[in-house]
Amino acid sequence: MTTAHTTGSTAGHAAGFTPDESFTPEGEYRFQNSREAVRRMPFPFPDDDYMYSMNLEPHVPAGDGALRAAFDIDEHYVSECRHRAQMLEELPGVHYLALPHMLEAQWDLLELIFESYARDFPEHFTLTKNGNEWRWENRLLAIDDTFTFGDPSTLPMDPMEYATRQAQGEFVVLEEKDGTLVIGAGMTTQRADYSLQFNLGMSFFEFHGPVPKLHEMGILDRALKFLLRMKPGHPVRRVNWSLTVHPRLETSVETLPDWAPDRTKVTAENAGDLVHLRIELQPLHRLPRSNGIVFPVRTYLVSLAELVEHAPDWAKRMHRALASLDPELVDYKGFHRYHEAAVAWLAQHDDGAPLATGYPWNEGGIQPGTV
């Protein structure tokens, strides 16, 4: 079946979206969050003290922010899709890779993303099915395509690449093999300090090996057993985080020389503008046909200054969590060069008042605060 693929110059200019942002130094990092964008984020610090954990919970709708939908989109959707296309063009064969036997899982993932977007954001996306003949309408990117589900010749590229070029976040697909999970495919234009080329084909314990103390605490064993018991239609989620300098989505091993020097430029005076909290929402799904597990990483960037301005209680909590971090975790997450500067900048905005415990989307959890 012939694919009709249309892209218009007016794509993405719908109200509430910012299509002209830049996440690279070449574009001078044109990026900022609205107040609403900050306060809808899945803030990752439930307590004043932080220690790494898997923090898995059922991925069910919660609140009216980032956890309302199966796969969230926000005001940065169009800009992030354009950034993805740019990264794929600049480094072909680096950001998207899939082993040949993962094709069924690719179709699984396409269906999951498209059905979720069409259900949760019907004003922007429509999926029409007539047997295996499908029509996909993405009004934010001015795409209107028809294709035959299961026939890759009716798409302009692999099913996974086609779908994830139209999605925010990274997507790694794991296959179950010999009692573990192995990386079989990935779309990773927003990587944080790792290489898909290096990790492709690695097992669960291998690609989580560098995280401090996970083996000693038994977290990896429990997490793998939990994931292997996952069933289709019963997704789970976790929230992870790190820090980065500038609103840069892509901080991979391959581009290390481009972004690593920025870490030496942070001071206690400029940390508010340079240092960004990088929140990673990870909603894991078991795929129905292939039995694979998709591991998405939906990234949210917010500067320390934006936190103070739009979510002051979150800024206080972040100060306390950063100040209490285990040095090994600071080193693993890669911000040891500017950790003290970030803590010092945030300290100016922390009055020491008691804060609620728990995640913001849970009853009684910490809220952004009044501004």
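1. Which residue takes a positive phi in the hairpin of strand 4 and strand 5? The residue is A142, whose phi lies near 55°, and this hairpin has 4 residues between the strands. Strands here are DSSP runs (E, at least two residues) and helices are DSSP runs (H or I, at least four residues), both numbered from the N terminus.

2. This is a predicted model, in which local features need pLDDT of at least 70, side-chain atom pairs count only at pLDDT 80 or more, and totals for chains, interfaces and linings use all residues. Residues are numbered from 1 along each chain as its sequence is written, and side-chain values use heavy atoms, with hydrogens and water left out.

3. Strand 4 (residues 133-138) is joined to strand 5 (residues 143-148) by 6 bridges, the two running antiparallel, and N138 has I143 as its bridge partner in strand 5. Two strands are said to pair if DSSP finds at least two bridges between them.

4. Strand 4 also pairs with strand 3 (residues 125-130), in the antiparallel sense and over 6 bridges, with N130 opposite E133. These two strands form a hairpin with 2 residues between them, and G131 in the turn has a positive phi of about 65°.

5. Elsewhere, 7 strands form an open sheet with antiparallel pairing, in the order 1-8-9-10-6-7-2. Its edge strands, each pairing on one side only, are strand 1 (57-58) and strand 2 (96-98). Strand 1 is joined to strand 8 (residues 236-245) by 2 bridges, and P58 stands opposite V236.
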